[in-house]
Amino acid sequence: MQTIAVPKLWTPQSFAHRGQLFDFLVPALAFHQKSIRHASTTPSTRPPPTPQLSEAPKRRKPLSKEQRAFLDSALRVNQAGELAATLIYTAQTPPLLRSHPHLRSLMQHMYSQEAGHFSTFNTLLARHRIRPTVMYPVWTIAATALGWGTAMLGREAAMACTEAVETEIGGHYNGQVRVLLGWIREMEGKGEEVGEEVRELVEKLKKVRDEELEHLDTAVEEDSRDAKGWPVLNTIIRGGCRGAIWVSERV
């Protein structure tokens with residue numbers, strides 16, 4: 001922990017002697033070396049300054065039952081989604097790199113970001129004592145099968161999988177950010193203090209969302225829409241994501 005040095009307190013005489021400014025300690029006084037050195041002994045007829053009234057501290061209202069329930073389901077489904085993302089990339093990488101070794105750095109980059117997201121939501125679940133979804137075993141099998149299956153169909157199909165998943169996930173995170181920003185505006189409008197954890201959560205969600213949308217853009221650049229049967233593949237994967245989100249929010 002960084003040690004904060006406590007400044008030595010000076011007497012009024014030492015202010016005049018040293019000619020230093022300590023307005024941050026005594027806001028109502030502004031000592032100027034020249035005026036102190038030649039100050040008159042005649043009593044001042046200037047009225048004393050009017051004391052400034054300090055602003056009343058804002059009250060912090062605890063989250064409502066509905067807000068708490070929203071956060072529980074949001075963080076639970078986010079953690080499940082990031083688990084699935086890491087498993088998709090884990091299953092896709094070996095078959096993809098056998099035929100396209102130049103994708104190694106790209107796959108590593110996207111996997112590392114997803115693993116970071118997964119770690120973030122693991123920490124948040126533990127901090128707020130939120131249980132993970134009971135669908136863990138099912139999502140583990142489904143994500144692994146999706147990743148391996150699309151990789152076996154080829155590079156374009158693997159990228160089509162990423163595009164479809166990130167389209168749904170990016171919109172999902174955007175929705176959560178809008179809800180939390182609405183809470184913040186409402187609290188500020190009522191003169192309530194906004195907890196730092198709420199602001200931090202918004203920033204974390206924005207960061208995760210932006211990285212997911214980066215993956216989407218990368219997938220399109222890597223010819224995701226050239227995959228055979230792309231419209232059908234995209235529709236099926238996006239529908240599966242929406243179903244998984246709906247279930248994980250509830251169980």
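A crossing of two helices is called left-handed if the near helix is turned anticlockwise from the far one by less than a right angle, and right-handed if the turn is clockwise. In the predicted model described here, the crossing of helices H6 and H7 is left-handed. Helix H6 comprises residues 155-189 and helix H7 residues 196-221, and the two pack at an angle of about 155°, with their axes 8 Å apart. Because angles over 145 degrees count as roughly antiparallel, H6 is described as roughly antiparallel to H7. The residues that form the contact of H6 with H7 include 16 that are nonpolar, together with six polar and seven charged ones.

Helix H6 itself has 35 residues, and the distance from its first C-alpha to its last is 50 Å, which is close to the 51 Å expected at 1.5 Å a residue. After H6 comes glycine 191, which has a positive phi, near 75°.

The empty space inside the model was examined next. Rolling a probe the size of a water molecule over the atoms shows where empty space is left. In this model the count comes to two cavities of 30 Å³ or more.

The largest cavity has a volume of about 50 Å³, and its lining is made up of Ala85, Ile88, Tyr89, Glu114, Cys161, Thr162, Val165 and Glu166. Helix H3 (65-99) and H6 are the elements that give two or more residues to this lining, and H6 provides the largest share, with four residues. By class, the lining of the largest cavity consists of five nonpolar residues, one polar residue and two charged residues.

The second largest cavity holds about 30 Å³ of space, and it is lined by Phe70, Leu71, Ala74, Leu75, Gln176, Leu180, Leu201 and Leu205. At least two residues of this lining come from each of H3, H6 and H7, while H3 gives the most, with four residues. The lining of the second largest cavity has seven nonpolar residues and one polar residue, and no charged residues.

Note on methods: Residues are numbered from 1 along each chain as its sequence is written. This is a predicted model: local features need pLDDT of at least 70, side-chain atom pairs count only at pLDDT 80 or more; totals for chains, interfaces and linings use all residues. Side-chain values use heavy atoms; hydrogens and water are left out. Axes are lines fitted to C-alpha atoms, for helices over the stretch in contact, and angles run from 0 to 180 degrees between N-to-C directions. Angles under 35 degrees count as roughly parallel, over 145 as roughly antiparallel, 65 to 115 as roughly perpendicular and the rest as oblique. Ala, Val, Leu, Ile, Met, Phe, Trp, Tyr, Cys and Pro count as nonpolar, Asp, Glu, Lys and Arg as charged, and the others, Gly among them, as polar. On a 1 Å grid over the protein atoms alone, a cavity is a set of points where a 1.4 Å probe fits but cannot get out, and a pocket is an open set with protein on both sides within 12 Å along at least five of seven lines; lining residues have an atom within 4 Å of a point. Grid points are joined across faces, edges and corners, and a volume is the space filled by probe spheres set on the points. The expected span of a helix is 1.5 Å times one less than its number of residues.
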